[in-house]
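Hi,

Here is the structure I said I'd pass on to you.

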Amino acid sequence: MTNGHANAERRSESASLVEVRGLSKEYVQQKPLTREKFVIRAVENANLTIRRGAITGLLGESGSGKSTLVRCIALIEKQTKGEIWFEGVNAADFQAAELSRLRRGVQIIFQDAASALNPRLTAAAIVMEPLEIQRKGTKSQRRERALELLERVGLSAPWEHKKPLEFSGGQRQRLALARALALEPKLLIFDEALSHLDLASQESMLELLARFKDERQLTYLHVSHDLEMLRNIADEIAVMCEGTIVEQKPTTEIFAHPEHSYTQDLLRAMPPLETICQERFAHESP
Amino acid sequence: MRYVARRLAHAILLLITISLFTFVLLQWTPGNFFDAMRLDPRVSAQTVEGLRSQFGVNQSFIARYARWGRSLMHGGMGYSFSYDTPVAPLLWSRAKNTLLLAGIATLLAWIIAIPIGIWTAARKDGPSDKFFGAGISTLLAIPDLVLFLILLMVAVRTGWFPTGGMISGGFGSFSGWEKIKDIATHFALPAAGLAIVMLPMLVRHIRSAMLEALEAPFIRAARAHGIPRMRVLLRYALPAASNPLISLFGFSIATILSGSAILEVVMSWPGLGPLMVQAILSRDVYVVAGIVMLSSVFLVTGNLLADVMLFVSDPRIRVEQR
Amino acid sequence: METLLQVRDLSIRFRTAHAFTEAVRKFSVDIAAGETVGLMGESGSGKSSVALALLGMLDKKSTDVSGSILYRSRELLALKERESQKIRGAAISIIFQEPAISLCPVMRAGQQIAEVIHAHKRWNWQRCRTEAEALLAQVGLKETSRIFAAYPHQLSGGQRQRVALAQALACSPELLIADEPTASLDALSQAGFIALLRELKAQRQVSILLISHTPEIQASLADRLVVMKSGEVVESGSFEDIYANPKHPYTRRLLKRASASAPPSEDKSAAKALLQEQPS
């Protein structure tokens with residue numbers, strides 16, 4: 001066990017907000033009839049660094065284990081092996097009270113907003129819920145904060161009384177964002193949160209996120225399979241394949257000099273629009 | 001294989017527990033067979049005592065249970081006081097009749113229910129769906145007993161069918177063909193009654209399973225490829241809908257012995273039903289226990305059968321490791 | 001080039017309990033033989049409704065359809081169900097977005113292809129099955145006998161979509177409708193599938209109506225482009241013209257272009273590197 005003073009020092013020095021070392025997560029399942037046990041290795045020996053104040057992209061296909069990894073980082077699930085270090089301190093060293101504070105510091109926004117929001121609560125109640133659970137402030141203070149947040153995400157006056165089903169997809173994601181911001185997290189994780197939004201909503205959401213990031217010194221982790229989007233917004237990209245991180249580099253580096261064969265295959269498979277068109281017009285020129 | 005062995009072990013454990021439970025309940029009900037006899041002034045107290053010790057009724061509970069359990073393993077099921085004969089052969093002869101009746105009635109019910117279920121699902125909210133739906137609801141609403149009595153009344157009023165029993169008086173002297181005809185006429189109304197009673201639940205389950213299967217995207221995809229409607233219904237939707245139906249079929253088998261008890265009593269069909277009722281009333285302990293055990297065996301077997309059939313028929317359940 | 005399909009002023013309206021929803025308004029397009037027309041638009045733009053209308057699969061009870069769809073001079077909207085059924089899967093066929101749910105889960109893959117063949121040709125089952133296995137090879141699948149006997153859940157996403165393609169091509173259609181065919185595939189399978197479509201386009205001279213909101217996919221395959229927004233066509237023309245000069249702001253957004261005539265901004269170094277690594 002390390003002492004608190006050393007902890008504080010370490011915290012202020014490290015540029016990395018979260019460091020994942022050698023994380024593995026296994027699920028033991030039973031076959032339906034024979035009850036034979038078999039193991040599913042969702043994440044295997046993954047290493048990831050999330051730098052403070054940066055936007056990190058986690059690129060991977062469905063089945064690569066990215067959602068599982070992210071849930072371990074948010075301390076929703078406990079990893080089977082490996083460590084997660086928050087601001088220079090191993091999460092395993094934290095006591096219950098500290099862990100609770102940590103959990104508040106990491107919030108996830110999921111892909112399907114409709115199923116992540118309680119359909120019976122109004123928008124205001126949804127944003128107040130985390131505050132109630134963590135017992136922050138009085139009831140009227142919570143309500144005030146909730147309304148403030150709703151306004152910041154562009155869901156002001158009449159929307160606070162409405163239920164999630166009355167919102168469009170983009171609005172629901174903004175509501176989820178407001179809820180995530182209620183506890184003043186340090187790290188926001190977007191698990192394919194923008195994939196199913198139409199173009200207009202995607203753009204406005206990204207704008208909103210950029211503003212919040214500057215105002216509140218947030219750190220973002222975008223989990224996505226959309227290479228183009230990550231190329232536009234991410235500072236660093238980590239590529240995940242079959243449960244492990246094969247490469248993590250600054251965005252320009254990943255595109256210019258992909259090292260791992262999977263990354264190379266991926267980039268080759270998803271060339272940007274301009275490249276495709278160039279090739280196409282080159283073939284067609286008389 | 002390990003799976004089947006485990007299920008069998010569970011089944012045996014279950015049967016043992018049921019046997020114990022039944023035996024305990026029967027011994028605890030007030031009175032026994034010999035109490036009635038004791039009240040009869042013509043029978044002396046000594047005779048009663050003698051009979052009692054002969055049947056081992058005055059032994060301790062555990063001793064009686066042990067004796068019964070041991071004889072069970074040899075295929076015997078104790079002794080019937082009322083009929084003055086070992087229970088096992090008595091049960092078998094009655095069980096055969098019940099199986100005949102219930103077996104054919106179940107088959108009939110399924111054969112009628114399947115097309116109706118499929119048809120009403122395919123033509124949902126159409127006129128035929130509404131018509132059959134109303135009919136099924138009505139049948140469901142009529143108490144079984146009332147239905148059986150109505151059938152009985154039909155038999156009495158029209159004289160087309162005998163009003164009870166399985167065979168007529170001069171059965172022994174009938175030719176082979178006449179014998180079959182005789183049983184058939186006696187059999188018609190009870191079988192019809194039983195089938196009608198089973199029909200509503202079956203039709204409803206089949207219809208809802210089909211409806212759910214028809215909602216699935218692959219049905220629309222099949223139609224988009226120009227597959228004819230009937231084929232989509234029978235070759236695409238029905239197999240996909242069969243999971244709950246197989247379980248239901250297992251349930252039909254499981255309750256085959258017990259479902260017809262009331263009918264048999266009302267229509268005087270010489271099956272397990274009347275035997276059971278009479279044995280309970282006269283405290284014929286071993287007969288009751290025997291019937292319960294037999295029914296339990298069918299129940300457990302039916303469920304096991306359903307699970308195995310499910311495993312065999314649905315490829316999705318056979319998960320493969322990749 | 002002869003015109004295969006002529007759609008004029010197609011309008012589709014859905015009747016719900018309380019109101020009407022206009023899904024498509026005055027949609028028109030021409031598709032020539034061997035041509036690939038890309039229908040680009042986001043979900044809710046009405047693209048899938050157009051596809052269903054072409055197949056005659058809109059529910060007559062709850063949908064109002066007006067306009068004209070002429071396929072080789074036959075009016076598709078006036079066909080009875082029986083005639084429509086003959087065209088579906090044979091002359092005009094479709095592959096859907098998610099093969100996991102568009103394939104029957106309790107029927108073997110090869111049998112599903114054979115079913116389509118059997119439904120349209122007067123062949124016996126043996127011949128249908130042989131043909132089905134041959135089709136599996138044509139869509140680039142290697143272990144044809146294993147895949148023939150496999151159930152959909154035993155196949156990977158890419159394999160499933162190829163099986164669905166085999167189903168669609170089974171009766172040599174003249175028009176193939178591909179409704180977001182790669183949306184549920186991972187990036188590597190996606191690239192393979194697009195390459196496959198390109199190959200088949202060249203081999204079979206089949207017209208394709210490619211429905212996709214992803215400009216990269218349209219760029220890879222489409223000869224002409226029709227852009228849809230909220231049920232209406234906002235722009236249409238050859239792909240080159242539209243790409244060089246997108247007029248409608250929505251088109252520009254979809255093609256990720258900042259302004260109408262500005263050249264596409266690109267990271268030259270990355271593009272060069274990628275171009276160099278392209279297999280020749």
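Let's begin with a definition: a residue counts as buried if 20 or more other C-beta atoms lie within 10 Å of its own. Keep in mind that this is a predicted model.

Now try that cut-off on Val127(A). It has 29 other C-beta atoms within 10 Å, so Val127(A) is buried. You'll find Val127(A) in helix H5 of chain A, which covers residues 123-133. What does Val127(A) touch, leaving aside its neighbours within four places in sequence? Its contacts are Ala146(A), Leu149(A), Leu150(A), Ala178(A), Arg179(A) and Ala182(A). Lys213(A) sits 86 residues from Val127(A) along the chain, and 19 Å separate their C-alpha atoms.

Next, chain C. This chain is split into domain 1 (1-91 + 173-260) and domain 2 (99-172). Their centres, taken over C-alpha atoms, are 24 Å apart. Where the two domains of chain C meet, each puts in 12 residues. On the domain 1 side, helix H8 (residues 187-204) of chain C gives the most, with four residues. That side of domain 1 of chain C has seven nonpolar residues, four polar ones and one charged one.

Last, look at where chains B and C touch. Chain B brings 17 residues to that contact and chain C brings 24. On the chain B side, helix H9 (217-224) and helix H10 (229-254) each supply at least two residues, and H9(B) gives the most, with six. The chain B side is made up of 11 nonpolar, two polar and four charged residues.

Cheers

Technical notes: Residues numbered from 1 in each chain as written. Chains lettered and ligands numbered in written order. Predicted model: local features only at pLDDT ≥ 70, side-chain atom pairs only at ≥ 80, totals over all residues. Domains from an automatic or database assignment. Contact = placed C-beta atoms within 7 Å. Nonpolar A, V, L, I, M, F, W, Y, C, P; charged D, E, K, R; others polar. Buried ≥ 20, exposed ≤ 12 C-beta atoms within 10 Å, placed from the backbone.
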